[in-house]
Every structure is written in structure tokens, then in C-alpha cells.
Amino acid sequence: IVSISKQHSDINKKALVTSGPTHEPIDPVRYIANRSSGRQGHAIAAALAARGIETTLVSGPTDLPDPKGVNVIRVESAEQMLSACNDQLPIDVAICAAAVADWRVKDAGSQKMKKETGGLPTLELVENPDILHAISSRKKQRPDLVVGFAAETENVVKNATAKRLRKGCDWILANDVSIGTGTFGGEKNAIHFITDDGCEDWPHMTKQAVAERLVDSIVSHFSVPGK
Ligand code: CTP
Ligand code: CA
């Protein structure tokens, strides 16, 4: 007799992770993008699923395979990412690791822009929705725990501490993405973990190790009685 039991779960919670860059259309063949690889967000989704936590990953375009045991929803633009995230609510914990493009082209054309129409094109940009802020500031269905990242090139801890308050999220993982650190799009991360209690400096480690340490913190958070 073979009995198939549900995978052991460390905590009975639902998680949502955003990952990757977004692509913001200019016209049908061109877009604005950034150097995010999606490695950190995908590693977090994999680490959550490995602990038996029901996990949905909303990802912008990446070359990465779908993490095992994760429900993956693929999107391109920031607006699509926000609406896919809203569709997943209610959830218990949201982790926004995507490098969402801050701006999109105001009137992306439905036809390819042509050179011969004369002159150089001017792209008018408008601000994209802030997904982390939108999730953090929901009156209804705000997840119990909202976690963001802060990509900074200077005054990392100071900027990220201010960013946590501005975004209204509970935890921020701040990293230095200056040229030369190899962080953005790279293999490793040096994280400053910022919560209400202050800042904890994590050693330089792989994105998988960052993911495991974050998931440990999430599991401990929800293991406190009453959470
Ligand atoms: N974020 C988001 N939606 C956006 C922009 C950012 O969800 N439109 C999230 C990212 O996933 C990350 C956090 O907000 O978790 C911080 O992103 P970051 O780019 O560092 O901050 P911004 O608020 O965009 O500020 P800036 O880029 O000007 O530093
Ligand atoms: Ca940004």
C-alpha cells in the first residue's frame, strides 16, 4: 500500500513573490527593461515551496526555469504585474523582489515607430504603479507580512530605512547595486536586513542562501503564538 501524504509544511501560510524585471513597451517591437536576472526572487519562491508553503510567483521576463512546486504567473509590464498580484489576494506574506520599471512610455504605439517620419523620437514617460506600496497600504486584505527590497548605490542603510517607512512594508532587504559589486543580475548579495527593530548586516552570500535565511525569518515570525 502506497500512501501519498501532503508535503510537510513548516507553517500553514500562503506566499506571493514578485521577481524579475518588467518590460515596458515603446511600440510592438521595442521595450524599456533593466538588468534584473530574477535570481533572487526565484530563489525565494523555491525556498518557500521547499518548506511546504503554498507559493505563487509573479515574474517578469527571465531566462530562469520555473522553481519546483511553485505556481508561476508570467507577466511583462508593471501594470500586468500589479493586477496579477491583486488577483492572488488574500495571502499571508508578500515578498516583492521584482525590479519593476519605475516608468513606462505614456502612449506606447500600436504601430512600429519608423525612422523616415523625420526627426528623433521623444519618449514621454509616466510613473508606473508601485506594487510594494500598493500591497503594503491596502485597507482590505493587507498581507500580515510584507517584505521589500531596496536597490541602492549610495547611503544604502539610510536610504533603505527611509524606503521601508515610505513604502509601508514590514521588512526591507537592502543591497548595494553599485557597479563593481556584481549584485544586480549577479550571483551573490550582501544584505542589510531592516525591520522595526533596526538593521542586521548579513554576510556576503549566494542568493539562494539569502532566500533560505529570509524564509527562516518568515517561518519564525509566523511561529510566534498569535501570528
Ligand atoms: N517596487 C515595486 N513597484 C515599483 C517599484 C518598486 O513593487 N513600481 C518594489 C521593488 O520590488 C522593491 C522595492 O519596491 O521591493 C524597492 O524598489 P526600488 O527600486 O529600490 O525603490 P523605488 O521606490 O522604486 O525607488 P528608487 O528606484 O527611486 O530608489
Ligand atoms: Ca525603482
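Are Trp171 and Phe193 buried or exposed? Both Trp171 and Phe193 are buried, a class defined as under 20% relative accessible area, with exposed over 50% and partly exposed in between (1.4 Å probe, protein chains only).

This is a predicted model, in which local features need pLDDT of at least 70 and side-chain atom pairs count only at pLDDT 80 or more, while totals for chains, interfaces and linings use all residues. Residues are numbered from 1 along each chain as its sequence is written, chains are lettered from A and ligands numbered from 1 in the order in which they are written, and side-chain values use heavy atoms, leaving out hydrogens and water.

1. Eight strands form an open sheet of mixed pairing, in the order 5-4-1-6-9-10-12-13. Strands (E, at least two residues) and helices (H or I, at least four) are DSSP runs numbered from the N terminus, and two strands pair if DSSP finds at least two bridges between them. Strand 5 (71–74) and strand 13 (198–201) each have a single partner strand, so one side of each lacks a neighbour in the sheet. From one strand to the next, the twist averages 15°.

2. Strand 1. Five of the six residues in strand 1 (residues 14–19) are buried. Strand 1 pairs in the parallel sense with strand 4 (residues 54–59) over six bridges, and Val17 stands opposite Leu57 in strand 4. Four bridges join strand 1 to strand 6, again running parallel; here Ala15 stands opposite Val93.

3. Strands 9 and 10. Strand 9 (residues 145–152) and strand 10 (residues 171–176) run parallel and are joined by six bridges. Val147 stands opposite Trp171 in strand 10.

4. The aromatic cluster. Trp171, Phe193 and Trp202 form one aromatic cluster. Rings of Phe, Tyr and Trp (its six-membered ring) pair if their centres lie within 6.5 Å; planes under 30 degrees apart count as stacked, over 60 as edge-to-face and the rest as tilted. The count by this rule is two aromatic pairs. Trp171 and Phe193 are edge-to-face, at 5.2 Å centre to centre with 70° between the planes. Trp171 belongs to strand 10 and Phe193 to strand 12, so this pair ties together parts that are 22 residues apart in sequence. Phe193 and Trp202 are stacked, because their ring centres are 5.0 Å apart and their planes at 25°. Relative accessibility is 7% for Phe193, and Trp202 is buried at 5%.

5. Helix 5. Helix 5 (residues 207–223) lies across strand 6 (93–96), strand 9, strand 10, strand 12 (191–195) and strand 13. The helix runs at about 165° to strand 10, where axes are lines fitted to C-alpha atoms, for helices over the stretch in contact (heavy atoms within 4.5 Å), and angles run from 0 to 180 degrees between N-to-C directions.
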